[in-house]
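Trainee: Could you take me through this model feature by feature, giving the general idea before each case?

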Amino acid sequence: MNTTRIDLLTKIPLLKSILKSRFFQPVLMLGTLFFFVFAILTGFFGTPAGSKNFSIIYIWIVWWAVLIIVLVPFFGRLWCTVCPIPGPGEWLQRRGIIQKRYPKLMTLRRRWPRQLKNIWLQNVAFLGMALFSAIILTRPSVTAWVLFAFLILGVVLSAIYDNRIFCRYVCPVGGFIGLYSLTATVELRVKDAQICKDHSTKDCVIGTENSYGCPWMVFPGNLERNAYCGLCTECLKTCPRDNIALNLRPFGSDLLVAKGRSLDEAYKAFIMLACALMYSVVLLGPWGWLKGWANMNSLGQWAIYAVGFLTINLLIVPGLFWLTAQAARLLARLDISPRQAFVDYAYTLVPMGLMGWIAFSFSFVFVNGSYALPVLSDPFGWGWNLLGTKDFPWTPFLPQVAAALQLITLLIGLGFSIAIAYRIGRQHAGSDALAWRGALPITAFLTGVTLLFTKLYLG
Ligand code: SF4
Ligand code: SF4
């Protein structure tokens with residue numbers, strides 16, 4: 001028996017009944033789809049002033065904050081359970097929303113290229129969005145185009161390929177949710193892997209008369225990490241052996257699972273960390289000229305910014321970390337290749353990066369969160385006053401508390417990442433002492449990152 005796990009489905013039978021219902025996911029997705037389409041409409045037809053438009057405030061402040069501060073660290077891919085983007089494509093594929101009506105999915109049945117069965121495309125998509133983020137985050141019509149494009153791409157990919165290709169291999173948001181959900185305190189796993197081995201029909205993979213095979217194309221019996229399980233709960237409905245558990249577990253558990261570590265995920269960790277730093281510099285820093293460059297005040301200046309941005313993300317941060325990981329490898333006398341040291345130790349950046357994003361999010365949630373009230377009454381900025389909150393003034397909320405929370409968050413991230421550095425080192429090192437020696441250069445790197453964040457947030 002695994003004493004570090006508590007199966008919520010055994011403890012809370014009502015939760016199990018809800019998750020097993022075929023209504024559970026589609027009803028939630030229809031709810032979020034309503035808000036998603038509403039955000040697109042307000043973006044296209046509402047005021048161009050970002051602070052007065054529902055799309056900007058509710059997508060980039062409210063949704064983002066809930067996602068990164070609550071959903072990802074505690075519930076992993078729970079957002080993917082309710083995300084509306086794959087909904088229309090999936091329902092077209094299935095020719096139904098709730099019940100399974102046809103044995104086969106309706107698609108062109110093309111095969112997704114083997115070379116793209118990783119998260120490199122998601123890394124590229126995230127960087128592409130990040131390059132234009134100063135514009136996307138402030139201009140409602142641009143946000144609307146991006147959301148609309150996601151929806152269309154989801155439908156197109158669902159028409160060509162079986163299952164959730166968009167979620168698994170393309171979605172720029174799904175890429176980092178997957179990586180950071182390695183830390184989450186919830187996991188979906190099988191109760192007993194041997195039962196899966198002995199179950200010859202593997203219903204969770206191929207589906208049954210009333211339910212589908214895993215839309216995320218994973219085999220639950222092999223799940224050891226959260227990265228690619230979209231928590232869709234389909235296998236819970238499918239499994240005839242009642243072998244699926246939804247466990248509460250310690251924070252960061254999957255970071256110690258060696259199987260599945262890869263260069264594409266390592267780069268995701270670098271990109272996310274570098275972007276958290278860059279966003280903090282550009283959006284929160286005192287350098288107005290840099291904000292102007294990122295904002296495309298002129299194409300030439302933006303091009304310089306883009307080259308710098310990509311160089312920091314793809315060369316400077318990974319390059320510095322390569323040197324750090326090699327120093328760790330030598331100090332700990334690890335008998336692994338330089339590349340493996342680089343990839344394995346890159347997972348130490350996951351808690352730090354996640355906490356960096358949370359700290360970054362605190363800065364604008366506390367300062368600009370009050371915009372959510374007037375926008376609720378006047379989502380298009382047309383002068384409506386639906387709930388009587390239209391004239392609620394912009395009110396920064398407890399800035400000293402925000403600063404303290406940022407510092408605490410960063411220190412938690414630092415401490416956690418150092419502990420992970422030791423434990424990853426211990427997977428290869430001959431002794432505790434050597435593993436700690438290996439953790440020294442990583443600690444120096446992480447401390448440098450923490451100081452940078454702290455300087456940016458607290459001055
Ligand atoms: S259907 Fe259930 S028991 Fe069978 S392989 Fe899938 S998870 Fe395991
Ligand atoms: S493993 Fe189960 S919950 Fe996870 S994506 Fe596949 S079917 Fe959904």
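**Reading the sheet, the domains and the shells**

Mentor: Let us begin with one pairing: the bridge partner of Asp 7 is Asn 247, in strand 3. This is a predicted model, in which local features need pLDDT of at least 70 and side-chain atom pairs count only at pLDDT 80 or more, while totals for chains, interfaces and linings use all residues. Residues are numbered from 1 along each chain as its sequence is written, and chains are lettered from A and ligands numbered from 1 in the order in which they are written.

Trainee: What is the order of the strands in the open sheet?

Mentor: Strands of a sheet pair through backbone hydrogen bonds, either parallel or antiparallel. Here strands are DSSP runs of E with at least two residues, helices are runs of H or I with at least four, and both are numbered from the N terminus; two strands pair if DSSP finds at least two bridges between them. The open sheet has three strands in the order 1-3-2, with antiparallel pairing. Strand 1 (6-7) and strand 2 are at the edges with a single partner strand each, so one side of each is left without a neighbour in the sheet. Two bridges pair strand 1 with strand 3, whereas five bridges join strand 2 (residues 186-190) to strand 3 (residues 244-248). In the latter pairing, Glu 187 stands opposite Asn 247.

Trainee: Is strand 2 mostly covered or mostly uncovered?

Mentor: Burial is counted from C-beta atoms placed from the backbone: a residue is buried if 20 or more others lie within 10 Å of its own, exposed if 12 or fewer, and partly exposed in between. Strand 2 is mostly covered, with four of its five residues buried. In helix 11 (172-180), eight of the nine residues are buried, so the helix is largely enclosed by the rest of the structure. The elements that cover these buried residues include helix 4, helix 7, helix 15 and helix 19 (349-368).

Trainee: How many residues of domain 1 are in contact with domain 2?

Mentor: Domain bounds come from an automatic or database domain assignment, and they divide the protein into domain 1 (6-254) and domain 2 (266-458). Two residues are in contact if their C-beta atoms, placed from the backbone, lie within 7 Å, and by that test 35 residues of domain 1 meet 34 residues of domain 2. On the domain 1 side, helix 4 supplies the largest share, eleven residues.

Trainee: Which residues touch the most other members of the largest nonpolar core?

Mentor: In soluble globular proteins, nonpolar side chains tend to be buried together. A nonpolar core is a set of buried Ala, Val, Leu, Ile, Met, Phe, Trp, Tyr and Cys residues joined through C-beta atoms within 7 Å. The largest one has 121 residues, and those touching the most other members are Ala 269, Phe 270, Leu 273, Tyr 345, Ala 346 and Val 350. Helix 15 (residues 263-284) gives the most to this core, 13 residues.

Trainee: Which residues are closest to ligand 1?

Mentor: A residue is near a molecule if its C-beta atom, placed from the backbone, lies within 6 Å of that molecule. Ligand 1 is surrounded by 15 residues, the closest being Cys 196, His 199, Cys 204, Cys 239 and Arg 241. Among the residues surrounding ligand 2 are Cys 214, Cys 229, Cys 232 and Cys 235.
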